[in-house]
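Let's take a walk through this one, from the inside out. Have the sequence and the 3D view side by side as you read.

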Amino acid sequence: QHRPLPDLPHPALVRTFSGHGSTVYSAMFSPDGARVVSGSDDKTIRVWDVATGLLLQTLTGHSNRIVSTVFSSDGMRIVSASYDKTSRLWDSVSGVLLMILIGHEDKVNSAAFSSDGACVVSGSDDKTVRVWDAATGHLVRTLIGHENRVTSTAFSPDGTRIVSASMDETVRIWDVASG
């Protein structure tokens, strides 16, 4: 049975952020809603002030398309995923590159922090899901089982599980502790 949608106010455009030189693949609010981070085919990550529309930071270092940009739950770091086969962690205030996560053998399509910020999960065209220590950059675990590109990854709110989506037409849930 189909329920009618509630009457909602007509959406109004609040802000447009312009400055990327090519297609924008990712955008996310900071946890406090004060900033937006975006990633683009122009190989840059940009951090914007929501209230003023001003560009706060332009982060450079990736050598290919950036398809995922995510704030940590405290808003202090950003993780990015790129077709250059890396994920990178950045200080979201200063824009300083904190570390490069190297290990995937193909394009990285997704990266996300655990809710406590201790780990990062990434998914790649190499069909793997990888878990990284966000303090050291060390690879903690490689999860193997997908039969095609991994397109999306995320931690459960309690950090004990990972969900991954793939072009193999599956969604998989992994136990972080045991893999």
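**Starting from the core**

Twelve residues make up the largest nonpolar core: Val 70, Val 79, Ala 81, Leu 89, Met 99, Leu 101, Val 108, Ala 111, Phe 113, Val 120, Trp 132 and Ala 134. A nonpolar core here is a set of buried Ala, Val, Leu, Ile, Met, Phe, Trp, Tyr and Cys residues joined through side-chain atoms within 4.5 Å. Buried stands for under 20% relative accessible area, exposed for over 50%, and partly exposed for anything in between (1.4 Å probe, protein chains only). Strand S6 (77-82), strand S8 (97-102) and strand S9 (108-113) are the elements that give two or more residues to this core, and S9 brings the largest share, with three. Strands and helices are DSSP runs numbered from the N terminus (E, at least two residues, for strands; H or I, at least four, for helices). In soluble globular proteins, nonpolar side chains tend to be buried together.

Before going further, a word on what you're looking at: this is a predicted model, where local features need pLDDT of at least 70 and side-chain atom pairs count only at pLDDT 80 or more, while totals for chains, interfaces and linings use all residues. Residues are numbered from 1 along each chain as its sequence is written, and side-chain values use heavy atoms, with hydrogens and water left out.

Leaving aside neighbours within four places in sequence, Ala 81 is in contact (heavy atoms within 4.5 Å) with Arg 65, Ile 66, Val 67, Ser 68, Thr 86, Ser 87, Val 108, Asn 109, Ser 110 and Ala 111. There's also a second, separate core of eleven residues, with Ala 112, Val 129, Val 150 and Trp 174 among them.

Now for S11 (128-133). Five of its six residues are buried, so S11 is largely enclosed by the rest of the structure. S10 and S11 run antiparallel, joined by five bridges; strands count as paired if DSSP finds at least two bridges between them. Val 120 sits opposite Trp 132 in this pairing, and both residues belong to the largest core. The S10-S11 hairpin has three residues between its strands, and Lys 127 takes a positive phi near 75° there. On to S12: five bridges join S11 to S12, again antiparallel, with Thr 128 opposite Ile 144. That hairpin has five residues between the strands, and Gly 137 in the turn shows a positive phi of about 85°.

What about charges? Side chains of opposite charge can pair when their charged atoms come close. Taking a salt bridge as a side-chain nitrogen of Lys or Arg within 4 Å of a carboxyl oxygen of Asp or Glu, the count comes to six. One of them joins Asp 125 and Arg 149 at 3.5 Å, N to O. This pair links distant parts of the chain, 24 residues apart: Asp 125 is in the loop between S10 and S11, Arg 149 in the loop between S12 and S13. Asp 125 is buried, at 12% relative accessible area, whereas Arg 149 is partly exposed at 38%. Another salt bridge is Asp 126 with Arg 130, at 3.6 Å; Asp 126 is buried at 17%, and so is Arg 130 at 9%.

Next, an open antiparallel sheet of three strands in the order S13-S14-S15. S13 and S15 (171-175) are its edge strands, each pairing on one side only, and the twist averages 20° from one strand to the next (axes are lines fitted to C-alpha atoms, for helices over the stretch in contact, and angles run from 0 to 180 degrees between N-to-C directions). Thr 153 is found in S13, opposite Ser 164 in S14. It's buried, with a relative accessible area of 5%. The Thr 153 side chain makes a polar contact with the side chain of Ser 110 at 2.9 Å. Such a contact is a pair of N or O atoms within 3.5 Å; within protein, one must be able to donate a hydrogen and the other to accept it, and residues adjacent in sequence count only if both atoms are side-chain atoms.

Finally, S1-S2-S3-S4 is an open antiparallel sheet of four strands. In S4, Thr 58 is the bridge partner of Arg 46, and Arg 46 also forms a salt bridge with Asp 42 at 3.9 Å, both residues being buried.
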